[in-house]
Amino acid sequence: MGKKVKKEGEPPPKDVLDPLLIESKTAATVVLMLSSPEEEVLAKACDSLYKFASKGDENKATLLALGAVEQLYKLISHEDPTVRRNAIMVFGIMASNYDVKKLLRELDVTNSLISHLVPEEDVVIHEFATLCLAYMAVEYTTKVQIFEQGGLEPLIRLLGSPDPDVQKNSVECIYLLVQDFQSRAAVRELNIIPPLLELLKSEYPEFSDLHVEALAVLGNCLEDVHTLQLIQQSGGLKKLLSFVGDSTIPDIQKNAAKAITKAAYDSENRNILNEEEVEKCLINLLETDNDGVKVAASQAISAMCANSASKRAFGLQGIPQLVQLLSSDNEEVKEAAVTVLVNLTAASPSNASAVAEAEGIEPLLNTLYAQRDGAIANAATVLTNLAMQEPLRVNIQSHGIMSVLAEPLRSTNSQVQSKAAFAVAVFGCDADARTELRKAGGLGPLVELLHSKNEEVRRNACWAVMICASDELTAVELCRLGALDILEEINLSISRKNNFSKAALEKLLDNNLSQKYSQMGYLSSNNIITDGFYDCGQIKRGMKFSSLEELSMQALTDRRAIIFINAKPQEEQASPPGEEKAHDSSHEQTILSPSISRKSSREKTRKGKGKKEEEKSKEVIQILSAVQDEINLQNTQWLPPPDLILLNYINDASKTILPLTTTREQVVALAQGIIDAADSGIHWNRFVADKMGGPIERDKLHNFSWELHISEIEFELKCNVVPIGKVKKGTFYHRALLFKAIADRIGIGCSLVRGKYNRAWNEVKLVDDSPQGITGLLLPPREYIVDLMFEPGRLIKEGSVEADQYKHI
């Protein structure tokens, strides 16, 4: 059928469609027109469909349902340039629809679209062909297709197109392609850098998006060392940094920072960037008003910190800005800034000092309350980096860091838990800091972290417990919270134990000797018994270890008595925690008195003269007495009664045993006694054995009724807790405890070992005399058991038959 020619002045034929703005109700008709053999009809139909599809995604779906995509696919290679152009325009606009893209992939349109990217094609075809490819390149399979079909080279060539839309679509498509490693390597070989740098020179206002995409592609290219070197040698890197510095468009600044970050992951790249003074550019970006730029710049600085020269440069110039960002309302900015400070202060005392000089300690502590876990964890790390310097550690402690750390210890995030526990270990070396953590309730969550399945969390928690257990009060509290049982369980596990778990257990027990002796049945010569120690017998695993106060409050029972040590006179016993408070209260009392008097005076005025002055004074005294009683009640802390008998034992031992010249003589004398010839009067100073009932014949041991004696003391005191000085008939474990208690006070090293069947003994290390005829021979010390029962003062070699008999028979 030939083409009809309209004569001049002749009205149009009735069967010819006039140009119309096609609405959705006529779309089906227009789609049918795509099968027309007439080029004019095809061109106008495509134009109408382009306008229709441009109105929204619903219209695109309508055309898809009408089969327009398949018809248009046939037309994108039409010999008529107008038809071809209009068909590709419809393709480009429709490709934003997900279902259309899916069909386009099935039709394999990419090859045909790429074929139209040649220089001789119309610029409009370039625009919409690249637009369609950009829409489709978001899918991985399409990226592979475009790469394999040779699409990269024409796309890179079109970066030099005079049309900004063609440039933008091309660079966006390339950006999506270079997410894949193969494409990234290919674009470098195709010399993409010069056209990318040229794009950054464009001055059109609408080119900001183009710049953003160009920088994004450039960022992927900069990861390659050789590419970066080429850019540097051509002066392109300097131009890039200058462009970023001059730009005020946040997306451009952000993508430039991201490009630098990608490049900075390689050490050689970092050296190149440092040579071009990238640090100045990034520090300037920190001062922009856009939070996204600040985050991207901070991330780039973090990456560059691996270069020592850059790290010094940032430390000198950027720390005040980063500290300022810690107070940002934007949590992402805060996290990015504190992450940089982690890298800057790691193994850098000068940068750590610079953070403190920039008044960064308080903002860092505030960051421990941040909403993002990364910010909290990194803030804790920065503070521990600063704490490597003693003055900074003291400064941080003065700001109350232990109270603040109590909350991060409760976090459910393993990174926060680990860093918080590590910080506790670092700052817990100070006694005041340990007290602060205990009062802030931080020991409970710290103990809970010992249960963690995360190895790093568990290790740092064990380390922190070991450090915190350095004083008795904290060690006792940790034990009360169950740390001891958990650590014992950890140490039994091959997979869960670590370098600190065993040390933590030992440290915990060494500062809680009552529980150590109860559970382990052993105190070394380094474990010095002090006032407040008590022996409640061997405790079974899993049972609660009660405090001396709790035991003293229990009703009298027929169970084994608790023997305690307290040689401190009443007036010298530690003041209760409320003593200072009580002092203030007494001051309040003097202030309160006039107030009460004035009140009484007012009552007197109201009531007339019916009340005598002496009655008023009595009332005041009664009120003050009641107030003081209440104050005293609040400040009451239970203390064990003083054991003056034990105090006398220690004083006597100090006077008579300490002057002896050898340890062996001191040990024997402490066990059995010593003859004292002072003041021309010879008398026998009896010590441990005689204080506890004297020597006992082996075959009459069963007749030594020490149990009845102890029961009588308990009945007398109406309490299960008995001071050791009260015991006058004691068996093995009483005598061994008394021996060590006195020996520790006068400086004789000895251990205390619990055996079975009420047995206990002391072990001492002594150097034997040189063999006869040999002088100057230094022999190693040997262990001896001190006999306190049968032949007091006899030293029994450890490992001998006699030693075994003393322990077990």
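Visitor: Before anything else, what does buried mean here?
Guide: Buried means under 20% relative accessible area, exposed means over 50%, and partly exposed is in between, with a 1.4 Å probe and protein chains only. Of the 809 residues of the chain, 50% count as buried.

Visitor: What kind of model is it, and how are residues numbered?
Guide: This is a predicted model, in which local features need pLDDT of at least 70 and side-chain atom pairs count only at pLDDT 80 or more, while totals for chains, interfaces and linings use all residues. Residues are numbered from 1 along each chain as its sequence is written, and side-chain values use heavy atoms, leaving out hydrogens and water.

Visitor: How many helices and strands?
Guide: The chain has 45 helices and 10 strands. Helices (H or I, at least four residues) and strands (E, at least two) are DSSP runs, numbered from the N terminus.

Visitor: And the contacts in the chain, what share join residues at least 24 apart?
Guide: The share is 66%, among contacts between residues at least 6 apart in sequence. Contact means heavy atoms within 4.5 Å.

Visitor: Take α20 and α23. At what angle do they cross?
Guide: The axes of α20 (residues 291–304) and α23 (residues 331–345) cross at roughly 15° and come within 9 Å. That angle makes α20 roughly parallel to α23. Axes are lines fitted to C-alpha atoms, for helices over the stretch in contact, and angles run from 0 to 180 degrees between N-to-C directions. Under 35 degrees counts as roughly parallel, over 145 as roughly antiparallel, 65 to 115 as roughly perpendicular and the rest as oblique.

Visitor: Which residues make that contact?
Guide: From α20 they are D291, K294, V295, S298, I301 and S302, and from α23 they are E332, V333, A336, A337, T339, V340 and N343. By class, the contact of α20 with α23 has 6 nonpolar, 4 polar and 3 charged residues. Ala, Val, Leu, Ile, Met, Phe, Trp, Tyr, Cys and Pro count as nonpolar, Asp, Glu, Lys and Arg as charged, and the others, Gly among them, as polar.

Visitor: What about α6 and α8? Parallel or perpendicular?
Guide: Roughly perpendicular to each other, α6 and α8. The axes of α6 (residues 98–107) and α8 (residues 123–136) come within 10 Å and cross at roughly 100°. K101, L104 and R105 of α6 meet C132, Y135 and M136 of α8.

Visitor: New topic: D535. Buried or exposed?
Guide: D535 counts as buried, because its relative accessibility is 2%. D535 lies in strand β2 (residues 534–535).

Visitor: What does its side chain reach?
Guide: The D535 side chain reaches the backbone nitrogen of G537 at 2.9 Å. A polar contact of 3.2 Å also joins the side chains of D535 and R754. A polar contact is a pair of N or O atoms within 3.5 Å; within protein, one must be able to donate a hydrogen and the other to accept it, and residues adjacent in sequence count only if both atoms are side-chain atoms.

Visitor: And where is K729?
Guide: K729 lies in the loop between β6 (721–723) and α44 (732–746). At 29% relative accessibility, K729 counts as partly exposed. The side chains of K729 and S705 are joined by a polar contact of 3.2 Å. Not counting residues up to four places away in sequence, K729 touches M692, F704, S705, W706, H709 and I710.
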